Amino acid sequence: MILSDFLIIPANASHINYAQQICDEMFESAKARGTGIARRQPEYIAKKIEEGKSVIALHKDGRWAGFCYIETWSHGDYVANSGLIVNPIFRKEGLAKAIKKEIFELSRERYPKSKIFGLTTGLAVMKINSDLGYEPVTYGELTQDEEFWKGCQSCVNFDILTAKERKNCMCTAMLWDPVEKERELKEKIQRKAEAKERLNRIAKKQSLLKRIEARLWKSTKKMVTFVFPVGVKPVKGF
């Protein structure tokens, strides 16, 4: 199979029937990793689908292939792309990265001013997040919304989280900050403009040197022609 065999789109009401299968696979995947993610109920997933806050991947034959959804915290100041899951029979096809990119774009479209963050124990997800521009951060830079942290109660590592006073846990925190990214973009544009200006100055200097060189050469030719008119050979040893 190849990635083009899959349809990756924002989920809609016609996909609600996949909610139970998605929840079951999330739970089984968490058990297999031995780390865990907050367990969700089919009703919760169905609500995300109805609200247009999720992305689903389907094989061209109609089988469910992957899923991810959006959660908002702190009155929309923070957005999380949560519950990324790929059907085991379709893994190793690049679906996780494609789904993550699609849900990231959906998040930016719906919440352009929000910080997008994630908590994960998976190296593959960390790599995907890094490719999208996320930066590793401390837990203190994430939302402090109590409802968000309550969602961790069903995770097998919740005791570790509470014992460390929510300062760290088994998950790595990563953040995409639109304000920071805008600043970085402006700095990049400024650096390009400055580099272009330097090149223009260098080009002008080179052009000036060439003109000066041409004038000197022209003057030298005139002097030679004046001292040694055409047809007159210079005296040997001159």
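**Close-up views of a predicted model**

**View 1. Strand β2 is mostly covered, with six of its six residues buried.** Keep in mind that this is a predicted model. Look at either face of β2 and you'll find cover: S54, I56 and L58 are buried on one side, and V55, A57 and H59 are buried on the other.

**View 2. β2 has strand partners in β1 and β3.** With β1, the pairing is antiparallel and runs over five bridges. To spot it, find I8, whose bridge partner in β2 is A57. β2 and β3 are antiparallel too, again with five bridges, and here I56 stands opposite F67 of β3. How many residues sit between β2 and β3 in their hairpin? There are four, and G62 in the turn has a positive phi of about 100 degrees.

**View 3. The largest nonpolar core holds 24 residues.** Which of them touch the most other members? They are I8, L95, I99 and Y134. Two or more residues each come from β1 (6-10), β2 (54-59), β3 (64-73), β4 (78-86), α3 (95-110), α4 (123-132) and β7 (172-176). Helix α3 gives the most, with six residues. There's also a second, separate core of 15 residues, with I22, W64, F67 and Y69 among them.

**View 4. L95 sits in helix α3.** Is L95 buried or exposed? Its relative accessibility is 2%, so L95 counts as buried. Leaving out residues up to four places away in sequence, L95 touches L3, F6, I8, A57, A65, V86 and F90. Now find G66: it is 29 residues from L95 along the chain, yet their C-alpha atoms are separated by 7.3 Å.

**View 5. I99 has contacts that include I8, V55 and L84.**

**View 6. K53 lies in the loop between α2 (42-50) and β2.** Why does this lysine count as buried? Because its relative accessibility is 15%, and buried means under 20%. Beyond residues up to four places away in sequence, K53 touches K48, Y69, I70, I103, R110 and Y111.

**View 7. L208, L209, I212 and L216 make a nonpolar surface patch.** The patch covers about 380 Å². One of its members, L216, is in helix α7 (residues 178-227). L216 has a relative accessible area of 54%, so it is exposed; the cut-off for that word is over 50%.

Conventions
Residues are numbered from 1 along each chain as its sequence is written. This is a predicted model: local features need pLDDT of at least 70, side-chain atom pairs count only at pLDDT 80 or more; totals for chains, interfaces and linings use all residues. Side-chain values use heavy atoms; hydrogens and water are left out. A nonpolar core is a set of buried Ala, Val, Leu, Ile, Met, Phe, Trp, Tyr and Cys residues joined through side-chain atoms within 4.5 Å. Buried means under 20% relative accessible area, exposed over 50%, partly exposed in between (1.4 Å probe, protein chains only). Contact means heavy atoms within 4.5 Å. Patches are made of residues with over 30% relative accessible area and no salt bridge: like charges are joined within 9 Å, nonpolar side chains (Val, Leu, Ile, Met, Phe, Trp, Tyr) within 5 Å. Accessible areas come from the Shrake-Rupley method with a 1.4 Å probe; for residues, only the protein chains shown count as cover. A salt bridge is a side-chain nitrogen of Lys or Arg within 4 Å of a carboxyl oxygen of Asp or Glu. Two strands pair if DSSP finds at least two bridges between them.
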